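Subject: Structure handover and findings

Hello,

I am passing the structure on to you. My notes on it follow below.

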Amino acid sequence: MEETITVTQLNTRVKNVMTNAPGVTDVWVTGEISNFKLYSSGHCYFTLKDNGSEIRCVMFKSAKARIDFEPTDNMEVAVYGSVDIYVERGSYQFMVQTMKRGGIGNLYAELEKLKRKLEAEGLFEQKRKRKLPIYPKVIGVVTSQSGAVIHDIITTSGRRFPADIILAPAKVQGEGAAQSIAAGIELLNRIGVDVIIVGRGGGSMEDLWAFNEEKTVRAIAASKVPTISAVGHESDFTLSDLVADVRAATPTAAAEIALRDKIEIMNQLNNDTVRLNRALSYKIEKMRSRFNKVDSKLSPKRAEEMVAMKSMRLDHISTRLAGALRNTVEMMRRRYAFAEMRLEKVPENLIPSRIRTLENLTNRLEALDPYNVLGRGYSMVTDENGKALTSTRSVKKGKNIIVRMRDGSIDAEIKEVRPNDKC
């Protein structure tokens, strides 16, 4: 499904792409200034052009404050910065971070060529950057023996957190300077320092050129010891700055980065001591409370009291058990005596009574037996199925009947049926 976005979204996407694209960020661009305008805000707007093209440029007040000349129209310059997109107008422009006066265009072109080469090798990648040691004991410095840099570093070291300073004297300007700087870095690596500061004071681009040479850059990249680049002033950018683990705006700033402030450290130690004392006091108080609790449980007096209480409770339970046992035994004895008494009375009262009742029932049963009546001269007439015939209405003439007598029975046939008149 095709995506639909707004103009703002489109320009924002282009801005994100361009501001992160290699080759158009952190580059030097040479050209001629035209349509230069300085606004009351201090920001500068101008066009940078050459024979084939042009681009709008913006240099904010903070960036302009870092240069030591006033840009004007028709001035040949080299500007350092990155391409950016002005989203509201959809136009792209060059954001100038610093500016150099012209006349050295070939030097910038050479610098850009070397920068792209080293960048392609990954020497400027952020992932190569190492952390500096928190408390370096020995700091190596590669700089001029007679310059102000070493003096500033020693002074700053004494003010912040004293450390041993080892100077590797180097030529920092002119022919052979790059080889001298590289040799100093290699020497300090062999000696074994904790961090290396490579730097010099301010100057023109030509003065600082040794720190853009490939020899110097590769020596810094090969250093096994973390490095700080401190070349010129804040507005000066060199390839040494890009390859070093940390860039400092000035040599003094490099010393401040390498060494922590001893006052800050003391304050931190004091705060840590306070927190440690609080934690220790809390722990001691907690342990004391637990000890007292355990001690109270283990004291002889407390133990004797607990034994006495347990003994009293045991006596009470024993008394209750004895009483309950006596009651149970007495109740069982009474139930046994009552049962025994009832068993003794049964032959005297119960059996004769039951025998008389049985005899009465037997006599009554014998009186009701019809066969006993036959003995007194009576007969019982039944049909062939044994059903008693007690009425003339239940028989018919010619029907066979059975007459039962005391000593046997007679099979007979009905000759005549004569019911009584009253019936």
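How many bridges pair S1 and strand S2 (residues 44-49), and in which sense? The two strands pair in the antiparallel sense over five bridges. Strands pair here if DSSP finds at least two bridges between them, and the elements are DSSP runs numbered from the N terminus (helices are H or I with at least four residues, strands are E with at least two).

Before the rest, the basis. This is a predicted model, in which local features need pLDDT of at least 70 and side-chain atom pairs count only at pLDDT 80 or more, while totals for chains, interfaces and linings use all residues. Residues are numbered from 1 along each chain as its sequence is written, and side-chain values use heavy atoms, with hydrogens and water left out.

**The barrel**

Five strands close into a barrel in the order S1-S2-S3-S5-S4, with mixed pairing. On average, neighbouring strands of this sheet are turned by 55° against each other, direction ignored. Such angles are taken between axes, which are lines fitted to C-alpha atoms (for helices over the stretch in contact), and run from 0 to 180 degrees between N-to-C directions.

Strand S1 (residues 27-38) is joined to S4 by six bridges, and the two run antiparallel. In that pairing Thr-30 stands opposite Ala-78 of S4. On the S2 side, Glu-32 stands opposite Lys-49. The hairpin of S1 and S2 has five residues between the strands, and Gly-42 takes a positive phi near 95° there.

Helix H1 (residues 7-19) lies across S4 and strand S5 (91-101), and runs at about 140° to S4. Val-7 belongs to this helix. Val-7 counts as exposed because its relative accessibility is 61%; buried means under 20% relative accessible area, exposed over 50%, and partly exposed in between (1.4 Å probe, protein chains only).

Neighbours within four places in sequence aside, Thr-98 is in contact (heavy atoms within 4.5 Å) with Trp-28, Ile-67, Ala-78, Val-79, Tyr-80, Ser-235 and Phe-237.

**Aromatic rings**

There are five aromatic pairs in the structure. The rings of Tyr-39 and Tyr-45 form an edge-to-face pair, because their centres are 5.1 Å apart and their planes are at 80°. The criterion takes rings of Phe, Tyr and Trp (its six-membered ring) as paired if their centres lie within 6.5 Å; planes under 30 degrees apart count as stacked, over 60 as edge-to-face and the rest as tilted. Tyr-39 is partly exposed at 45% relative accessibility, and Tyr-45 is partly exposed at 25%.

Trp-28, Tyr-80 and Phe-237 are linked by ring pairs into a cluster. Arg-247 lies over the face of Phe-237, at 4.5 Å from the ring centre. A charge sits over a ring if NZ of Lys or CZ of Arg is within 6 Å of the ring centre and within 35 degrees of the ring normal.

**Nonpolar cores**

A nonpolar core is a set of buried Ala, Val, Leu, Ile, Met, Phe, Trp, Tyr and Cys residues joined through side-chain atoms within 4.5 Å. The largest has 36 residues, and Val-142, Ile-181, Ile-185, Ile-196 and Val-198 have the most contacts inside it. Elements that give two or more residues to this core include strand S6 (138-143), helix H5 (177-191) and strand S8 (195-200). H5 supplies the largest share, five residues. Apart from this core lies another, of 19 residues, among them Cys-44, Ile-55, Val-83 and Val-96.

Beyond its neighbours within four places in sequence, Val-142 has contacts that include Ala-168, Ile-181, Leu-188 and Val-198.

**The open sheet**

Three strands form an open sheet in the order S11-S12-S13, with antiparallel pairing. Its edge strands are strand S11 (380-382) and strand S13 (408-413), each of which pairs on one side only. Neighbouring strands of this sheet are turned by 25° against each other on average, direction ignored. Strand S12 (residues 400-405) pairs with S13 over six bridges in the antiparallel sense, and Ile-401 has Ala-412 in S13 as its bridge partner.

Regards
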